[in-house]
Amino acid sequence: MMPSTHDWINNPLGVVEGMFAASQNNPNSGWEAKAVEYFKDRLKEKDAHTSVPSLNDVPLHYLKPNSLVKFRCLIQDMYDPEFFMGVYETVDPTTNAKVLRCGKYKDVTECGVDFNSRNTVTAERQTFYCVPIPGENPWVKDSYAGSSQTRVLPSTSYVPSRQKRSYEEDDDMDDMDTQPQKQRDPHTGPHCPAEQHGNGDCKRQETEAPSSQVASASHLDLNFPLPGEKGPSCLVKVYKDWDNFKLNDTLEVFGILSVSPALSALADEKDASSSLLDPTECMETAAEQRVHSPPASLVPRLHMLYAKPLPHNNPLLPSITLEDNSAFLSSTLSEMASVRAELLTYFTHVLLGDALAAEYLILHLISNVYSRRDVLPLGKFTLNLSGCPTVASYTERLYQILQQLVPSSYYLGMSLQNMNQMRLVPKKDYVANRLVSGALQLARNTSLFLDETKLEQGQLDTTGVRNVTALGNLISWQKVDYDFNYHQMEFPCNINVLIASEGRSLLPSDCQIHLQSQVAVPQMEEYMSSIHMHPQASSQLNKLRIYLSVARLLDYSISDELTKSVEDDFVDMRKDDPQSISAEDLHRMLVVARLLSLSLGQTSLSRDSWLRAKHIEELRRSRMEQHKCVNGNEP
């Protein structure tokens, strides 16, 4: 590794402090902006970002404190701004020499701070509580981890581990989930048999979070939106432009890792004489302290130098935007029609021989809210796949197949117990001053699979009714109303909802298609097993994964000429029977036409795609009519 890379990744504070020292002779040097630009420029160099270790896939105690790390995450909560000493003065006790120091990008000062110095500058920073992207699928995690060029060894573990151990032993062990801490602690490493099998097992285990049941009883609930999630959570300290970030944004944060045991020691002992950089700490209640100052060994601090918004989390796509990578885009677009044909064949097989349902499943998976007109989200395409078999764990297997194709997803079995007990909507806890997450606090473009075949007879209680209402609002308006006790706050979202049901769903949807199985019930188990028996080759799967992500990111337009043609068609269709087609039907046809074009890699509507959209909609509607006639009681 080049020494320069070694320096800016291993000792970023050295770079910052060097620039700060050089700026002392020139107060208007703008050194802070230059420091950030320096790291941005380094990261832009070829493959440099792959040399930066990631909190997502490297266990915390393998990482060097105060080194540069990255974290792929969702902003789960935003805390109040805090003050810190941006500049402070230290006094050498032997020589009485005074030195000005920079307080940015760190939590703990050196010894010998002169708190009465007139040169002290108080500054402000914002804290975001960030969690790994909820529902991120294993293939995404593995692919990101595989592309990393960092090679970390336990030997980089920091020295003051004795001090770290001591404060953890003093803690009320029964009152917190200590499992992740023990696993992360360097002392327990050699004794843990699972850790002796090399890095792979170790990584998976080390970053484990408490399960939802244990976590809720613990005062160190890591507040992940989805139950059973794994990975580190992180307090990200933001120094500028924090108004540019919103709750639920997905980011890749590059910053300086801070895991000083003094942070946790102070939270436990409330040591007033500690040289911590945050003088407002004592203004918090005990409940807030527990949430806002958790042990750094469990919730590390990350001082942001630079954050890159993530429009998607598909590691197979280039890290720069599609518009900036014309070679990748043109080669992908040229293959889209053939990849679509392969995907259609695969989905037809998965959907028990139903090619029409396979068409609609592709359209659903590439749908995306591209704009909002007043409150109306444009581009959403919630699909209700009715007629799903209840044998052979069909819906669970269908979800597992989709999980292999989309970057982030969540399966929600709509059993009475889940509906009545789960927290879907995030709720503000005013005592601890934090937003308690819910299962609908998801990143954009997450695939939410609602399994209504699990709904049995029984009574929905107040929570159940509230949860079903929240799902309905999510589907209809692509928004979730967070619960702030005295009022609700609306948060727009962009979530692909697929509802699997036996009859028509009790939830709204943009489009319903009734599955026509070509497989007899007795053969269902064997048929579904055969799909799993021969999974498609990894390169083939990667093609499908790239296809679905790219189709969702493409721009789209309709020419004036085609708009006129569509209007004329609509008038013609209504001529014979005005009741046969409504404005809502036209809107759906236009959405289907848009998605059909994008699925073929076409960024504008052609006459052929419009006619094809009309055709498949006609087929779907006639199938729904037939189904109504056969099942008269079906709504």
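In this predicted model, D461 caps the N-terminal end of helix α15. Helix α15 itself spans residues 462-477 and has 16 residues. From first C-alpha to last, α15 reaches 22 Å. This is close to the 22 Å expected at 1.5 Å a residue. Q478 follows the helix, and its phi is positive, near 50°.

The buried residues of α15 are G464, N467, V468, A470, L471, G472, L474 and I475. An α-helix has 3.6 residues a turn, so residues three or four places apart point the same way. The buried residues of α15 pack against both strands and a helix. The strands are β11 (409-413), β14 (447-451), β15 (479-483) and β17 (496-500). The helix is α14 (416-421).

The cysteines were examined next. A search of the whole structure finds 0 disulfides. C130 is in no disulfide, and its nearest cysteine sulfur, in C73, lies 4.0 Å away. A disulfide requires two cysteine sulfur atoms within 2.5 Å. C130 is buried, with a relative accessible area of 0%.

C234 was considered in turn. Its closest cysteine sulfur belongs to C130, at 7.0 Å, and this is too far for a bond. C234 also counts as buried, at 0% relative accessibility.

How values were computed
Residues are numbered from 1 along each chain as its sequence is written. This is a predicted model: local features need pLDDT of at least 70, side-chain atom pairs count only at pLDDT 80 or more; totals for chains, interfaces and linings use all residues. Side-chain values use heavy atoms; hydrogens and water are left out. Helices (H or I, at least four residues) and strands (E, at least two) are DSSP runs, numbered from the N terminus. The expected span of a helix is 1.5 Å times one less than its number of residues. Buried means under 20% relative accessible area, exposed over 50%, partly exposed in between (1.4 Å probe, protein chains only). Contact means heavy atoms within 4.5 Å. A polar contact is a pair of N or O atoms within 3.5 Å; within protein, one must be able to donate a hydrogen and the other to accept it, and residues adjacent in sequence count only if both atoms are side-chain atoms.
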